[in-house]
Amino acid sequence: MAATSSPDGQHIAFTAQGALWVIPAAGGKATRITSWELEPTAPVWSPDGKVIVFQNYAPTGNYHLYMIEPNGQNVRALTTGPHDDREPAWSPDGLSLVFASDRSNDGQYKIWRLSMENGALTQVTRGPGAESNPVVSPDGTQVAYADTGKVYRAPISSGGAPVLVGDGAFPAWAQNGTDLIFQNAARSLIVGGREAVTGEDLFPFPVRSMSGGKLLYTADGKIRTRDASGANMKDVPFSASISVKRPTFERSRDRGFSDLGQRQVMGISAPALSPDGTRIVFVALNDVWVMTIGEAPVRLTNDKDRDGNPQWTPDGKAVYFSSEKGNAGALAVDQVDVESKRRTRLASIAAKSMVTPKMSSTGDRIAYTTLSGQLEIWDVASKTSQTIIPSVSTQVSTPSWTPDGSRIMLVDNERINNRFREGYNKLRVIEIGSKQATFYPVATPPQQISERDEGAAALSPDGKTVAFIMDSVLHVMAVNPDGSPAGPARAITTEVADLPSWSGDSQTILYKSAGKLKTIQADGGGAREITVNLPWTQAVPQGTTIVRAGAVWDGVSPQVKQDMDIVITGNRITAIRPHQEGSERSADRFIDASELTVMPGLWDPHIHPLTLYQGGQYGQIAALMLSYGITSTQSVAGPLHQSIEMREALEAGNLNGPRLFVSPPLWEGNRLFYNFARTLRTPEIADMEIAKAKAMGTDYMKSYVRAPIPIMVKIAQGGIDLGVHTGTHMLSPGSATGLGGTTHLSATQRMGYGWSKSIGGYTYQDAADLHAKSDFRLVDTLFSSTALVGQDPGLIAGDRFLLVPPNFVTGLQTAQPPTPTQLATIRRDAEQSAKVMRAGGLLAYGTDSPLVAPGIALHTNLRGAGMVMNNHEALQTVTINAAKMSLVDKDLGSIEVGKLADLVMVRGNPLEDLKAAADVRYVMKNGFNYSIADIVEPFKTRAALAARKKAILAYKKMCAKEHEACEQGMHAH
């Protein structure tokens, strides 16, 4: 909340839950004066009391200053344009406003002044700086503002040097006109140079003055006043009511669980046109295929190793691509001769993924990007690499070479200002010799290249034209030999488009339009659809499987049932009954889990399956997640074509990992940050992208932080039409637009304020430490026991090792158990989420991408939940609740007759000890049973095997001395 007082001290206006309200100064029932189509914050009442000015996130997707009368009449915008204008404050005479803005177009955030008489705009401060929250002194001669954790004062007329006041933010002038009141880094309120207010959750806004010398501010969810010295705090009581739009689903999308017949492949990822224009290479069902146009596709690879981003060699005789095969989960570059099918390895770097490889026209070098988006070049002859440039944002696009091999063109994100991370997607041309890079816009911002994954750009082989996706349709633009634009961009399709690639003569462009492959001439003529006849079927076991369970937790009851048989026909549970002796003879397959507890497969309901952003290591990551009992995942944003391809590959059994319920990219407004975010500048563009998502059968739709209200409304309705859930980061205006939920309780949001809060506290940091120190690229498979690590119950190994706070493996980790403060952070975060559940909300725990410590992160979150919930409630947040969020609880999320056979078999009772949920011995997905060794075997390395051998030797040595402990350890495994 942010509050401001009327000049006569009779009323208070404040913003909360996406609305502007007015109450009597003494408190009472609040009157809402703005509609849900506005997003007001940072209100300031004019000195004459006639209007209230506030910062609004406008329908066009930028922050602007708006004005409204206290009775809610005559709303109008005071600023417009492709800039962000924030945090207004009045001059004492009421003739002007000061505000913070990036409209100087120099990458800085400066203080500006708006004349209320004629609308003239004047820049007040200059030079470098990320300035915010300006406020004018009572005599009108100075302006105070914050800049990167420090408070300054400067003459309001240009030319005066700023003076440092102190460390802090959110300044306000004291009524004496000399002193400044502000918040310091400890979140205390500094009044008169001393800490006058401590121990409160101060909201991040300046205090405002009231008549009589009182200070008005917000903290702890309250509107409060104090006297001029900061003493005598009083709460202003009020009540307010809001209404929200709850989405109602008449039906949910059919996910095809019962479809056992042939289906046509829709997930065609990374298609590339051959130099002669007659063939196409692409990835489908986790393998690389080549297809002569008009004929059936031919499989070039046939394994469960993850392949991606195929390209043609310059002579068109072979294709090369990234692959995890035989490389411990990291991506190497392989080549396959199209005629002979002979496969060779072109490049590999130990423990580093070579993503989006692109060969130079002479075939002597390969440009690629790394996990962090860094551009590197591999010399084929010397088998060495060199770094060219780091990414300035997240992952960059697939690179393109200029014909002479002197430059590389790709799509990167150029940050707009130094205060916020978002920017515009532009062409970035890198001169290899000097390693100098230049950004080029393809149109006047905010028009830009749609994204940096599947909606990026490709330079023609002759280097004269670049094709790219802008406003979700295919464009071409002439370029000079140095890669700079040589003319305006021109749209050559009116339909939604992705993934452009060129023929060798630079005349034909291949692209995807939703699920269809198409070609078009560079001049916009000769468009045609390319048929791909590639059927696939869902992998389902034949016959009957019986699992004899020592105990069953069905995901619904708060107790386990002892000694049960679970009967599975194909991929569905057909009976759950007390164990019958001899039952194994009546089944095609019998699984003896008589010493284990069988529980529902776990869910991670918040991932990003980013084959590019994660360095392409999705195959390894998916397998590791499966090994920790995660049988279903819900993407809440990712590259759509790749996601559909992976979903089909997982269902067809050509890729090991949890089920993947897919989502389109992060749907954004006109500024972006992530490579997998897509700009939906207008409602018309949103209609195109939503229609594509419907046609491709997505399972979720996410509105990201800069999507304005008109776009959010479109997404909310699109989810209802398709029968899938929707979500966003902001409760407001998310709930007002009809979106179905929030994907975070604390995360990036668009109001531009908010104290930094650790996500998951110590749990998250532990996961980061674990990833860095144990190096999961090696999949270090350690044979161990509770005895080997000193009876440490936090280690549950089997064929892996698992580290969860507060327990660490001696000799493998240097981290210490969490301090009381860190534990308090974990508890606080868990308590916040538990409030949702206690209030009747649907709560599920996810990890926000499995990149760090895949599988482990979900278990750390689960144990954090167990600090404030009972174990049954905590376990439901990663089972049935998550299935409900994906609208598939009729088929998944619990062990019940008629549901799909997604099961986890663990040692111990998770209802008694949540650690048992991680002690996974077997995982069943869709009726297929896997041991941990089966899952992780393809990703082992020499280092992992050596570590395993060392651990076994240590174990045997211990056994010789402590035979009893050894027996106990062997029994546990």
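Trainee: Which residues is arginine 671 in contact with, leaving aside its neighbours within four places in sequence?

Mentor: Asn62, Pro82, His83, Asp84, Asp102, Ile416, Asn417, Glu422, Gly423, Tyr424, Gln448 and Arg706. Contact means heavy atoms within 4.5 Å. One caution: this is a predicted model, where local features need pLDDT of at least 70, side-chain atom pairs count only at pLDDT 80 or more, and totals for chains, interfaces and linings use all residues. Numbering runs from 1 along each chain as its sequence is written, and side-chain values use heavy atoms, with hydrogens and water left out.

Trainee: Where is the place of arginine 671?

Mentor: In the loop between strand E60 (666-668) and strand E61 (677-679). Strands (E, at least two residues) and helices (H or I, at least four) are DSSP runs, numbered from the N terminus.

Trainee: And is arginine 671 buried or exposed?

Mentor: Buried, at a relative accessible area of 3%. Buried means under 20%, exposed over 50%, and partly exposed in between, with a 1.4 Å probe and protein chains only.

Trainee: Which side chain makes a polar contact of 2.8 Å with the side chain of arginine 671?

Mentor: That of aspartate 102. The side chain of aspartate 84 also has a polar contact with arginine 671, at 3.1 Å. The rule is a pair of N or O atoms within 3.5 Å; within protein, one must be able to donate a hydrogen and the other to accept it, and residues adjacent in sequence count only if both atoms are side-chain atoms.

Trainee: New topic. How many aromatic pairs are there?

Mentor: Eleven. Rings of Phe, Tyr and Trp (its six-membered ring) pair if their centres lie within 6.5 Å; planes under 30 degrees apart count as stacked, over 60 as edge-to-face, the rest as tilted. Phenylalanine 14 and tryptophan 21 have ring centres 6.4 Å apart and planes at 15 degrees, so they are stacked. Both phenylalanine 14 and tryptophan 21 are buried.

Trainee: Which residues do ring pairs link into a cluster?

Mentor: Phe673, Tyr674, Phe676 and Tyr704.

Trainee: What about alanine 284: which strand is it found in?

Mentor: E29, residues 279-284. Alanine 284 is buried, with 0% relative accessible area. Leucine 534 is 250 residues away from alanine 284 in sequence, but their C-alpha atoms are 8.9 Å apart.

Trainee: Last one. How many residues of helix H8 are buried?

Mentor: Ten of the ten, residues 856-865, so the rest of the structure largely encloses H8. Among them are Ile856, His859 and Arg863.
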